[in-house]
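Me: I am new to this structure and would like to know what stands behind the words used for it. Please show it, and then I will ask.

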Amino acid sequence: MKIFAKRPRALIPLVCYGLAAVVWFLLCTGQLALDGVARLQGRMPQVHAPLAEFELYALEATGEDSLVSTTPDPQLYWYNPDGRVVRSVQLQITFPRIPGELALYYTEQPGEAFGRDRKVYPIQQADDSWLFVLPRAQVYSLRIDPSSEIITMNDVQIQFNTGYRWWQYYLPGWQQAFDLLLFPGLAASALNILAEALRCRKAQKKG
Amino acid sequence: MEFIWFDLVIAMAALFGLTAWLTLKQKLAAALSPLCALAAVSMVLTAAGMAGVLRPAALALYLLGFGLGGWALYSELHTPGGTPAARWCAVSARLFTPGAVAFWLLTVSFAVYFAVRQPLLNNFDEFSLWGTAAKITSTQNVIYTEGEIGWPWQGTQNCGMMMLSYFFQLFGQFAAWKTYVAYNTLLFACFGAVLCGLKWKDYALAFPLAAICWYAPYLFTVYGRTQYVWYVYTTSYGDIPAGIVFGGAVVFWLGLRQCGGPFWTLLPVLALCANIKSNTFVLSLAAAGLVAADLILFADAKPWHKGLAGRVGKALVAFVTPLATYLIWGRYTAALAAANAEAGGMGTTSESIISVAVNGVKMLLGLPVGEYYELRRGRFVQAAADMLNAFLSIRIAMIGPGVVVVVFLTGLCVLAALLARTGKEKLRTLVLWALIVICFAAYNFMLVLSYAFIFTEAQGTALIDYNRYLYSYYLGWFLTALTLLARQIPQSRLRLPGKAAVLALACACVFLYGRYVSWDTSVFGYDDSEFTQVQVNQQTVADAVEVITQDELRQGAVEQQRIFLVSQGDNGLRWFQLSYEFLPIVVDYSGWLRPENSTGVEYGAGGGTFGLPELYDGDVYYHAYTQDEFHRAVLESGAGYLFVETSNRIFEQSYAALFSDELAAAAHGPTVYRVSGEGFELIGGEGAA
């Protein structure tokens with residue numbers, strides 16, 4: 001503690017990292033609370049979405065829950081019918097071999113094109129399902145790319161708002177973790193320089 | 001769950017022991033110790049590998065790490081006087097300086113991150129050399145140049161990086177991600193060295209510097225918005241380490257001079273600098289030149305000539321170290337290549353770099369040169385013009401073409417000179433800058449010579465890999481310039497503007513990174529599907545190995561088997577990929593070096609496409625063998641198994657009669673056949689493997 005009394009600027013990084021942690025916690029809690037409210041109001045249903053709800057592109061339905069892709073770029077489109085909140089999409093598919101890339105794109109407004117800025121990669125779960133977690137955004141439409149191969153897909157199950165537990169709201173992604181390390185440090189450096197500049201100016205005035 | 005990274009933990013503990021000993025007992029700054037320790041490990045293992053005692057040497061290094069580290073810590077914590085808590089604090093303060101903490105934080109974070117994500121090799125040269133060499137070293141416990149592999153040519157690329165990979169996974173199973181951890185550790189050690197001399201109270205300078213270092217490899221390798229995964233911290237290529245270690249050697253010297261420590265600790269770093277890639281010899285000489293000039297021209301003592309003889313001696317040692325590394329490695333690989341040629345493989349084919357340099361200088365001076373060089377004089381002139389044009393106009397880094405990069409780096413050096421407190425320091429900084437520029441010119445000259453006299457004409461015309469060769473130098477220059485800047489700022493009268501400038505540079509790096517590196521192509525954002533093809537290969541090979549393992553008529557242990565590969569339509573990549581995946585099982589080169597039955601096709605080997613001469617379809621890797629020749633080629637290879645990874649109509653029409661199932665199983669997927677004098681017998685049933 002002596003060091004902080006002697007050098008108050010040593011406190012700056014602690015304050016910056018502490019503040020970052022608090023802001024992160026508040027943001028995550030806020031999102032968790034908003035989702036909780038939406039869930040209570042029935043705007044964020046945990047539902048199974050049958051394949052009939054999706055528009056198929058480069059895909060042929062071979063059964064109620066079976067598909068086969070006709071090109072290496074199969075896509076499933078879904079349009080939000082009632083402005084519901086979509087936080088996660090859980091995908092269960094049985095592939096005969098390694099399926100290549102699975103990805104999800106979303107748009108927030110009508111007329112918006114799907115692009116890599118609104119793209120999400122899945123995290124494979126212990127039960128072999130793929131979980132896409134969407135950032136806090138109003139989803140207008142979704143595009144799910146279930147594979148990048150010409151391949152058969154059996155036992156296709158798509159669920160909205162499942163598989164994402166409350167504590168996962170607080171877990172940063174890898175890039176976010178890096179950012180949480182980087183930006184408070186840079187901010188602390190900036191504040192330190194500013195504090196030193198102010199001290200020099202004070203000293204100059206006194207002198 | 002298998003504890004997959006215990007070997008990394010042990011390696012890092014041993015590394016910590018070595019760094020603790022260097023810091024506490026050799027009085028080397030904690031920020032420099034990791035680089036010295038890693039370089040020493042790599043060089044000791046290189047020497048041990050050449051002497052054929054790689055594993056004992058690696059074990060000895062571990063023992064040394066634990067022993068010396070334990071002893072250093074114990075003795076420092078038990079020195080008389082002071083309370084135990086005070087001694088702990090004193091030892092911690094020496095061990096955990098900003099540079100050392102930056103190193104360990106980055107190293108441990110990336111080790112954890114990669115242990116979770118487990119990236120795989122994914123690029124051509126990783127399979128054709130870098131990753132495969134690392135895997136041979138780990139799986140066979142020998143230097144890769146002497147390992148068992150199907151290449152008919154002798155590997156001659158330096159092995160410094162592969163030795164680090166070996167050290168980090170000595171006790172566990174080989175994995176590419178552990179190799180990446182090892183290589184990144186080396187980069188982070190150089191980054192840590194940049195922070196040498198900075199104290200915790202200088203965090204406003206140290207933190208942005210560390211951030212800039214982290215972004216540096218992106219800054220100088222990305223030249224447009226990335227569309228595909230950009231392999232910076234997930235690559236086993238030697239180009240980025242070559243540049244960072246070149247800069248790291250100069251940075252190490254500057255830190256050594258500033259903070260004190262024994263001169264010998266610089267030598268392994270210079271040696272490693274010459275032991276990363278063949279072209280890093282030139283970079284290591286440049287680093288040694290900078291060290292020598294700084295030693296001789298700018299003495300700490302007064303008058304200037306006091307202790308000159310000792311300084312000249314040290315300068316000579318600095319030069320001799322990379323030179324000796326280069327010459328010893330050159331002799332070693334030349335002997336291996338000669339032995340390989342005698343054994344029926346390929347010998348060396350390119351001119352030596354020293355001969356090329358001598359003749360290139362002769363050409364510049366208008367002196368007569370040998371016929372080999374005279375014939376290529378036109379290529380030399382063309383390469384020089386192309387290189388100049390590329391320097392002025394080809395975008396190589398985020399900030400623009402080479403000329404812009406040079407102006408930027410010069411600006412950093414000039415800023416460092418402006419911030420220097422004394423005239424001597426200003427002059428020293430400017431002299432070092434001038435030497436870096438001269439070395440840069442020399443490096444470019446060497447590249448012109450390489451394009452003209454070492455590479456093929458097509459490679460020279462296209463300035464193949466121009467970016468890779470140049471960014472190595474820019475990276476080294478950048479780290480040096482950053483260090484020159486960092487060491488002036490804390491003492492400078494313009495301390496505040498200096499710190500603000502470094503912070504601004506860090507923010508610029510963050511901005512440029514965000515602008516040029518798409519999130520899904522970065523080291524944090526890439527998707528695992530990036531490795532789909534590699535995962536498919538792994539599965540294919542695992543299935544094939546399973547079949548071989550269960551073959552009751554197999555002769556010898558599974559890992560002693562040799563496989564003849566058929567992959568119709570392969571352009572070479574499949575052969576390299578599968579050779580890598582099958583290790584320690586060796587995939588034979590799969591075909592004669594030169595076809596006995598020539599149809600005008602020069603490519604006679606390297607796995608791939610086989611068929612009857614009359615069915616030749618223009619495939620560049622087509623092996624035009626009659627049925628009898630194909631059978632003989634397989635038998636002569638010594639392979640116990642034939643692996644048909646991809647069959648096609650031509651292959652079936654040509655050789656079906658040689659196979660017990662007439663290739664019925666191979667039509668459905670990769671299939672393993674047992675080789676015999678009568679033909680090839682299906683094992684494991686239909687669709688085996």
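Reply: This is a predicted model.

Me: What makes A:Asp128 exposed?

Reply: A:Asp128 has 10 other C-beta atoms within 10 Å, and the limit for exposed is 12 or fewer. Therefore A:Asp128 is exposed. A:Asp128 is found in the loop between β9 (123-124) and β10 (130-133) of chain A. Its phi is near 70 degrees, a positive value in a residue other than glycine.

Me: Why is B:Glu662 called partly exposed?

Reply: Buried needs 20 or more other C-beta atoms within 10 Å, exposed needs 12 or fewer, and partly exposed is in between. B:Glu662 has 14, so B:Glu662 is partly exposed. The place of B:Glu662 is the loop between α25 (649-655) and β8 (671-675) of chain B. Phi of B:Glu662 is also positive, near 55 degrees, in a residue other than glycine.

Me: How do you know that the buried residues of α24(B) line one face of the helix?

Reply: The buried residues in helix α24 (residues 627-637) of chain B are B:Phe630, B:His631, B:Ala633, B:Val634 and B:Ser637. Seen down the axis of α24(B), these residues fall within an arc of 155 degrees, so they line one face. On the other side, B:Asp628 and B:Glu636 are exposed. The cover over the buried residues of α24(B) includes β3 (562-567), β5 (609-611), β7 (641-646), α25 and β8 of chain B. After α24(B) comes B:Gly638, with a positive phi near 80 degrees.

Me: What makes helix α7 of chain B mostly covered?

Reply: Of the 9 residues in α7 (residues 160-168) of chain B, 9 are buried. Among them are B:Gly160, B:Tyr166 and B:Phe168.

Me: Which strands stand at the edges of the sheet in chain A, and why is one side of each left without a neighbour?

Reply: The open sheet has 5 strands in the order β2-β5-β11-β7-β8 (chain A), with antiparallel pairing. At the edges stand β2 (55-57) and β8 (119-120) of chain A; each has a single partner strand, so one side of each has no neighbour in the sheet.

Me: How do you know that β5 and β11 of chain A pair?

Reply: Two strands pair if at least two bridges are found between them. Strand β5 (residues 75-79) and strand β11 (residues 141-145) of chain A have 4 bridges, so they pair, in the antiparallel sense. A:Trp78 has A:Leu142 in β11(A) as its bridge partner.

Me: How does the radius of gyration of chain A stand against that of a compact globule?

Reply: A compact globule of 207 residues would have a value near 17 Å, but chain A has 24 Å. The C-alpha atoms of chain A fill a box of roughly 85 × 35 × 35 Å along the principal axes. Of the 207 residues of chain A, 24% count as buried.

Me: What makes up the side of chain A that touches chain B?

Reply: The contact takes 23 residues from chain A and 24 residues from chain B. The largest share of the chain A side, 13 residues, comes from helix α3 (residues 174-206) of chain A. The residues of the chain A side divide into 12 nonpolar, 6 polar and 5 charged.

Conventions:
Residues are numbered from 1 along each chain as its sequence is written. Chains are lettered from A and ligands numbered from 1 in the order in which they are written. This is a predicted model: local features need pLDDT of at least 70, side-chain atom pairs count only at pLDDT 80 or more; totals for chains, interfaces and linings use all residues. Helices (H or I, at least four residues) and strands (E, at least two) are DSSP runs, numbered from the N terminus. Two residues are in contact if their C-beta atoms, placed from the backbone, lie within 7 Å. Ala, Val, Leu, Ile, Met, Phe, Trp, Tyr, Cys and Pro count as nonpolar, Asp, Glu, Lys and Arg as charged, and the others, Gly among them, as polar. The arc is that of the directions from the helix axis to the C-beta atoms. The radius of gyration is taken over C-alpha atoms; the globule rule is 2.2 Å times the number of residues to the power 0.38.
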